[in-house]
Amino acid sequence: MKKIAMLTGGGDCPGLNAVIRGVTRRALAEGWEVVGFRNGWAGVIKNDSFPIDRARVAGILHLGGTILGTSRTNPTDEQLDLIANNLKAAGVTVLVAIGGDDTLSVASRIHKRGVPVVGVPKTIDNDIAGTDQTFGFDTAVNIATEAIDRLHTTAEAHSRVLVVEIMGRQAGWIALYSGIAGGADVVLLPEFPQTLDSICEIIKKRQANGKNFSIVAVAEGFKLEGEKEVLQTDKLDAFGHVRLGGVAERLCKLIEDKTGIESRSVVLGHTQRGGTPTAYDRVLSTRYGVKAAELAISGQTGKLVSLRGQDVIGVDLDPLITQVIDKKTGKPKMRMGNRSVSKELYDLAKVFFG
């Protein structure tokens, strides 16, 4: 019997369980055995897996999180060899790796070692190259939009500036979409650094026009011109990423000092990626899972499941990997390409600034 294995890596994301369900149901229908590795690449290294059947995925479509568990594990070259050997020893025909930039870069590395792999793009940040949209993004936008909606009334009641910190390390898709949908007065993204003066000018202009409050939506990776990102700590994770956080608090202090308007910060944090996925994300995740299984069954490995327009297809994974400098080691490394917000889309948001 042929066997398909799955893992989920990196941050949790609404829709992961729907992907797992989609892979399982499609693979079982073709007579394949299905197993899941616990806690991402760590589970494959430890050979920690369990069988998945129809009963195991019953009732998980609407659940957030992942029944497989997850971790941020960056395998060494030696561990990649161990992963390949463990998958072979377990009789795995194809591995479906469900994850973001880092998980998929590892998937590409083991594919180059001869392991049949299919990747499924996952991140609420919506910034993975090769696909028009990632699942989890729609849910995160809805959560952030609801938060901005609610903040309007309290900001107006107290005549304050409220600075809302939204997830987005390298790309500001969530801040952009929720900022437009929620009617934010300023939207700040990592792709477009700005000066403090330009931000405060918008706020002061609103005040001069009789508006006693302002909402600023800022992605966590936003930088003031000439400055670096605001960090919680200099400590790097396994993939060499810094821990972002605090940009809203810093901006609100700077804005209050410069404008004299009382300002407060709000950090949405992990709320954006927790809880039940939206209907759109449930459908997209299901389509991704079913397509991943179909690619595996047909022997089309080394592929990334991708949304192109209205179609879900398979695209080659390896060409999407680019070389960057590892902040942890200072050496070149390969990682998944990034999809940034375009100037045209940002110009759309700017129409509504102020």
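Biologist: Why does Ser-263 count as buried?

Modeller: This is a predicted model, and every value I give is computed from it. The relative accessibility of Ser-263 is 3%. Buried means under 20%, so Ser-263 counts as buried. The residue lies in strand 11, which covers residues 263–267.

Biologist: Which residues does Ser-263 touch, not counting residues up to four places away in sequence?

Modeller: Ser-263 touches Val-161, Cys-252, Ile-255 and Glu-256.

Biologist: What lies 3.0 Å from a polar atom of the side chain of Ser-263?

Modeller: The backbone oxygen of Ile-261 lies at that distance from the side chain of Ser-263. A polar contact requires N or O atoms within 3.5 Å, and the value here is 3.0 Å.

Biologist: Why does His-158 count as partly exposed?

Modeller: Its relative accessibility is 43%. His-158 is found in helix 6.

Biologist: What makes Gln-310 exposed?

Modeller: Gln-310 has 67% relative accessibility. Exposed means over 50%, so Gln-310 counts as exposed. Gln-310 is found in the loop between strand 12 (303–308) and strand 13 (311–316).

Biologist: Which residues of helix 6 and helix 7 meet?

Modeller: Among them are Phe-137, Ala-140 and Val-141 in helix 6, and Trp-173, Ile-174 and Tyr-177 in helix 7. By class, this contact of helix 6 with helix 7 has nine nonpolar, five polar and one charged residues.

Biologist: How do helix 8 and helix 9 pack, and what is the handedness of the crossing?

Modeller: Helix 8 (residues 196–208) and helix 9 (residues 247–259) pack at an angle of about 65°, with axes 10 Å apart. The crossing of helix 8 and helix 9 is right-handed. Residues making the contact include Leu-196, Asp-197 and Ile-199 of helix 8 and Leu-251, Leu-254 and Ile-255 of helix 9. By class, the contact of helix 8 with helix 9 has seven nonpolar, one polar and three charged residues.

Methods: Residues are numbered from 1 along each chain as its sequence is written. This is a predicted model: local features need pLDDT of at least 70, side-chain atom pairs count only at pLDDT 80 or more; totals for chains, interfaces and linings use all residues. Side-chain values use heavy atoms; hydrogens and water are left out. Helices (H or I, at least four residues) and strands (E, at least two) are DSSP runs, numbered from the N terminus. Buried means under 20% relative accessible area, exposed over 50%, partly exposed in between (1.4 Å probe, protein chains only). A polar contact is a pair of N or O atoms within 3.5 Å; within protein, one must be able to donate a hydrogen and the other to accept it, and residues adjacent in sequence count only if both atoms are side-chain atoms. Contact means heavy atoms within 4.5 Å. Ala, Val, Leu, Ile, Met, Phe, Trp, Tyr, Cys and Pro count as nonpolar, Asp, Glu, Lys and Arg as charged, and the others, Gly among them, as polar. Axes are lines fitted to C-alpha atoms, for helices over the stretch in contact, and angles run from 0 to 180 degrees between N-to-C directions. A crossing is left-handed if the near helix is turned anticlockwise from the far one by less than a right angle, and right-handed if clockwise.
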